[in-house]
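Welcome! Please take a moment to look over the sequence and the model, and then read on for a short tour of some helices and salt bridges.

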Amino acid sequence: MPVTDVAIDKIKDMIISGELAPGDRLPKEAELAQRLGLSRSSLREAVKALCLIRVLDVRQGDGTYVTSLEPNLLLDAMTFVVDFHRDDTVLDFLAVRRILEPAATALAALHMSDDDIAELGTLLGELEDSPTVEALVANDLQFHRKIADGSGNPVLCSLLDSLSGPTARARIWRGLTQEGAVAKTREQHTAIYEAIAAREPELARSWATVHVAGVEQWLRNALGTADDPTAPDEPAAEAS
């Protein structure tokens, strides 16, 4: 194993064991290198690597600290990596979103506060009757971000946040090219909101699945790929 990887593992073990807790300052470089049996150069490289993934934070003139280790902070690194996706992998991201988003929406129906649900309704009302595609997508991202946050699971929320970037272009493309996309998005958002407001987790889950699968199926058709057999049909009109 490369020396830098050994150094990373040793610092990681100190954090996992509780020897270093979130917010703690690491011992001085010379002291820590001696304690861990590492060269100062390999320790320095390990610290740089752990700073990149938000595990450590170097504060000039003060020292190196363990970050809060909150999920949204640690998963920032995944968001950075996800931004390098290729266009031909967007369907894969949408498929993952189709798994996670309905779960988050069902949880939101159970855990979202009344005030947050009211704010979700207000957000729906802020969209103009004939919005631009950019306004529609911005509202869409806010809508889903608020629901993910309302799930009460910060890890799930951060994972969904990391998936929003790769799928945003597909949403814009759909808004520009598919007839009735704006009306359909508004209708499905309303159905999701009403299910959450009614505290109906399974109905909320179903509508979220329909909503995400609709974008995925549209993109499959636009790209000329085979239909996804796992994408569900839209519920009957009375379900809304």
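## Helices and salt bridges

Arg35 and Glu31 both sit in helix H2 (residues 29–36), 4 residues apart, about one turn of the helix. Helices here are DSSP runs of H or I with at least four residues, numbered from the N terminus. An α-helix has 3.6 residues a turn, so residues three or four places apart point the same way.

This is a predicted model, in which local features need pLDDT of at least 70 and side-chain atom pairs count only at pLDDT 80 or more, while totals for chains, interfaces and linings use all residues. Residues are numbered from 1 along each chain as its sequence is written, and side-chain values use heavy atoms, leaving out hydrogens and water.

The whole structure holds 16 salt bridges, each a side-chain nitrogen of Lys or Arg within 4 Å of a carboxyl oxygen of Asp or Glu. Among them are these:

| Pair | N to O distance |
|---|---|
| Arg35 and Glu31 | 3.4 Å |
| Arg59 and Asp57 | 3.3 Å |
| Arg145 and Asp161 | 2.8 Å |

Arg145 belongs to helix H8 and Asp161 to helix H9 (residues 154–177), so this pair ties together parts that are 16 residues apart in sequence. Shared partners also join Glu19, Glu31 and Arg35 into one salt-bridge network.

Arg145 is partly exposed at 35% relative accessibility, and Asp161 is partly exposed at 32%. Buried means under 20% relative accessible area, exposed over 50%, and partly exposed in between (1.4 Å probe, protein chains only). Buried residues of H8 include Leu136, Phe143 and Ile147.

How values were computed
Helix = DSSP H or I, 4+ residues; strand = E, 2+ residues; numbered from the N terminus.
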